[in-house]
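Good morning, and thank you for coming. I would like to take a few minutes to go through the model now on the screen.

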Amino acid sequence: MNDVYLPNPLSNPASDRANAPPVYLDNQASTPVDPRVLEAMLPYFTIDYGNPHSESHAYGHRAMAAVDQARGEIASLIHADPREIVFTSGATEANNLAIKGAAHFAREHPTGGGPQDRPRDHIVTLTTEHKCVLESCAALEREGFSVTYLPVAESGRVDLAALQAALSERTLLVSIMAAHNEIGIIQPLAEIGALCRARGVLFHTDAAQALGKIPLDVEAMKIDLMSLSGHKLYGPKGVGALYVRRRPRVRLVPLIDGGGQERGLRSGTLPTPLCVGFGKACAIARDEMAGEAVRLKGLRERLQAGLAGRVPGLLVNGDLDHRLPGSLNVSVPGTTAPEMIEACSSIAISTGSACTSASVEPSYVLRALGLSDARANASIRLGLGRFTTPADIDYAVDAIVAAAARLRHRDQVKSSGGTTT
Amino acid sequence: MSGRDTYLDWNATTPLRPEAAAAMAESLALCGNPSSVHRWGREARRRVEDARAAVAALAGAPADAVVFTSGGTEANHLALLGSGRGRVLVSAVEHSSVLQAAPAAERIPVDGDGIVDLAALAALLGDGKRPAIVSVMLANNETGVIQPVREVADIVHASGGLFHCDAVQAAGKMPLSLAEIGADFLTLSAHKIGGPTGIGALVLGGGAAAAPLLHGGGQERNRRAGTENLTGIAGFAAAKACDAGEYDRVRALRDRLEAALAPDAVIVGAGVPRLPNTSAVAMPGVSAETQIIALDLDGVMVSAGAACSSGKVGPSHVLAAMAVAPGIAGATIRVSLGWSTSEAEIAHFIDAWTALRRHTLGRRTPLAATPVAA
């Protein structure tokens, strides 16, 4: 079919651990591309390379047909209509478009807003949201919008009574993440949606982490805007989408205007292979999500049990009952996350969100949960994924336990921190 | 695909270069997020930064001048909306992504060849209004006509303005130097030079800054948030521009095509410097829509102007700005070649075009338009 050299993304068999690095446990930061996704994308790189907006010839038609099929797969996974899916360059752009786009539309169309024809100009979000949500809100504050940043309980979940109390006749939009990127907790989406709908408030959710991991239904959950990402779901980087409700219609001012693609909401040539890959990733998730959730939850419990039994004083951060199946966040007393990351160099773990993890400050999310600085500083994020095996978990437990022991005894041991075993 | 397919719509998008495909396949096998601190992340970061240097070299710029974006459209927005200048001037033949980024912009007229009117630009800037940002493309996507951008830059800078140059179509098809152009902002797109769709860049001239359009995780030195499109970035860097030999070969093919049609065709912009790969060809008396449909049935893929106008085969704003007569403008198709275009493909196009013209107009009545029969 093609002559492109394709390394196998899964070429780290569990039986061949002599040379690390074998274990990737940072699936919240980014996931490996599923080989089935890659296979679906390849023809659109090399054979059907037309510009999907070229309506004058067959190459363009084939590209657009592929994009539309992908749009349908994405819509199907969240129980939406394909016409409600707007492709973007990723979840960051989708979040920016949802929040700024809704706010700018309200400002430009005051009669569509609240009482006295005054535009709704108030936004409610959580202190634990992803940076791109918080920064979009901050940008709107500089433009004169008001934003309420609600605190969360130690579980990480929103306090629905506090949310209800924060809504006013001026409130335009609530933005609350579906499942959290650092601690993995899942918010009560249907309850939030019902609360917002009753008050005529738009409900936006950043579902980059949740998509394909837990069931999402924009109708049942009364979601108006939902941000999605390809590379968190074994699809490619560089593509995401925003779900934009049609009935009742949610209107946005585009961030990027031009050729009028995506029904005027997002101009720019669509990257056909990336759209196809994202669509395929959603189709796979739809078929496999239920079974995969059970498998991952079992692995996560194995990981948690393994660590809890061998790391004295281990603490789990965030609610355990409402949690993504593959996500665990723990604090290892007597260590700091940067030390642990260095000491566990044969497994990929992280401290908080990758976007800010180049700086190794304590996570603002964990501090917002009310955790002490020491506990927040000692927290590591473990993200299991589709290609994580039981052997990976056992290897990781051994590595983390060994690293924790070394770090706690570092004064005596003077270990270099190397972990090749 | 049948062996008779001839793709001559390279200005809409190009096939991926094999080098780019290989680089992308390799990067798709990496799972790291470039912002992660572990070794997977550092490996991804290394590739992003290596690619940044390669893309910068394409524009003769230092690596840290390159801000990766989702494509040319976003880069154009980042320059025009992020420059902080309240006054925007754009040439009348700019791409729709520039026109739409600044819908209230003042338009700089062009002459009959599509060349921006420098005296008019100077007059607009000399009226003592607020400092402006001025956007003039390096080469036009529909006609290939190359603008005198150095002169534009000098006029703009003399007035205290900033100069944005959309080099999306020019990159890879002619030598490119940020310093020689004198631009404060330069837009590039990968999928016009044999790289993938979904990735582009804004190159910043010394001292220029753009306020971010997308807020978030602080990627791209806080100039563009969002996880880096590692695969796209790797493909962009590997796509590399044509070398001089390729320009010469493509230009010779394009010139042969134009010469073959010459007795019956009007070539827009033929008298001024153009990209070596682009020809805006009018078949007087036959609508562009009729031509592209008939050529498509014959296996030849061309377009009637920009692809992003999304199927609307309406009058081209570029040709209108050049005051091309409506009868010619409505009969103009865009033929654009690339590095793998062959002599056989050019012969295929010439045969198809000539046959179409013969069937539609007959040999002796060149201006008596009749509906296409086939």
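This is a predicted model: local features need pLDDT of at least 70, side-chain atom pairs count only at pLDDT 80 or more; totals for chains, interfaces and linings use all residues.

In strand E5 of chain A, Ser175 is the bridge partner of A:Thr125. A:Val124 is likewise bridged in E5(A), where its partner is A:Val174. These pairs belong to the parallel pairing of E3(A) with E5(A), residues 171-175, which runs over four bridges.

How many of the five residues of strand E3 of chain A are buried? Five of the five, residues 122-126, are buried, so the strand is largely enclosed by the rest of the structure. The burial applies to both faces: A:His122, A:Val124 and A:Leu126 lie on one side, with A:Ile123 and A:Thr125 on the other.

Chain A has an open sheet of seven strands in the order E2-E8-E7-E6-E5-E3-E4, with mixed pairing. Strand E2 of chain A, residues 85-88, and E4(A) stand at the edges; each has a single partner strand, so one side of each is left without a neighbour in the sheet. On average, and ignoring direction, neighbouring strands are turned by 20 degrees against each other.

For chain A as a whole, the secondary structure comes to 13 helices and twelve strands. Of its 421 residues, 58% are buried. Among contacts in chain A with a separation of 6 or more, 73% are accounted for by residues 24 or more positions apart.

I turn next to helix packing in chain A. Two packed helices are described by the angle between their axes and the distance between the axes. For helix H2 of chain A, residues 58-77, and helix H7 of chain A, residues 272-310, the axes come within 8 Å and cross at roughly 35 degrees. This crossing of H2(A) and H7(A) is left-handed. The residues that meet include A:Ala63, A:Ala66, A:Val67 and A:Ala70 from H2(A), and A:Cys275, A:Gly279, A:Cys282 and A:Ala283 among those from H7(A).

The axes of helix H10 of chain B, residues 244-261, and helix H14 of chain B, residues 343-361, come within 10 Å and cross at roughly 20 degrees. H10(B) and H14(B) are therefore roughly parallel to each other, and their crossing is right-handed. On the H10(B) side the residues are B:Leu253, B:Arg256, B:Leu257, B:Ala260 and B:Leu261; they meet B:Glu343, B:Ile346, B:Phe349, B:Ile350 and B:Trp353 of H14(B).

The sheet of chain B comes next. It is an open sheet of seven strands in the order E2-E8-E7-E6-E5-E3-E4, with mixed pairing. Its edges are strand E2 of chain B, residues 66-69, and strand E4 of chain B, residues 106-108; each has a single partner strand, so one side of each is left without a neighbour in the sheet. From one strand to the next, the twist averages 20 degrees. Helix H5 of chain B, residues 118-125, packs on this sheet and touches E3, E4 and E5 of chain B, its direction making about 150 degrees with that of E4(B). Within the chain, strand E7, residues 185-189, and strand E8, residues 200-204, of chain B pair in the antiparallel sense over five bridges. In that pairing, B:Thr187 stands opposite B:Leu202.

Finally, the contact between the chains. Chain A contributes 69 residues and chain B contributes 63 residues. H1, H2, H3, H4, H7 and H9 of chain A each supply at least two residues of the side that touches chain B. Which helix gives the largest share of that side of chain A? H4(A) does, with five residues. From chain B, helix H1, residues 18-28, has buried residues including B:Ala20, B:Met24 and B:Leu28. The buried residues of H1(B) pack against H1 of chain A, together with H2 and H9 of chain B.

Thank you; I would be glad to take questions.

Technical notes. Residues are numbered from 1 along each chain as its sequence is written. Chains are lettered from A and ligands numbered from 1 in the order in which they are written. A residue is buried if 20 or more other C-beta atoms lie within 10 Å of its own, exposed if 12 or fewer, and partly exposed in between; C-beta atoms are placed from the backbone. Two strands pair if DSSP finds at least two bridges between them. Axes are lines fitted to C-alpha atoms, for helices over the stretch in contact, and angles run from 0 to 180 degrees between N-to-C directions. Angles under 35 degrees count as roughly parallel, over 145 as roughly antiparallel, 65 to 115 as roughly perpendicular and the rest as oblique. A crossing is left-handed if the near helix is turned anticlockwise from the far one by less than a right angle, and right-handed if clockwise. Two residues are in contact if their C-beta atoms, placed from the backbone, lie within 7 Å.
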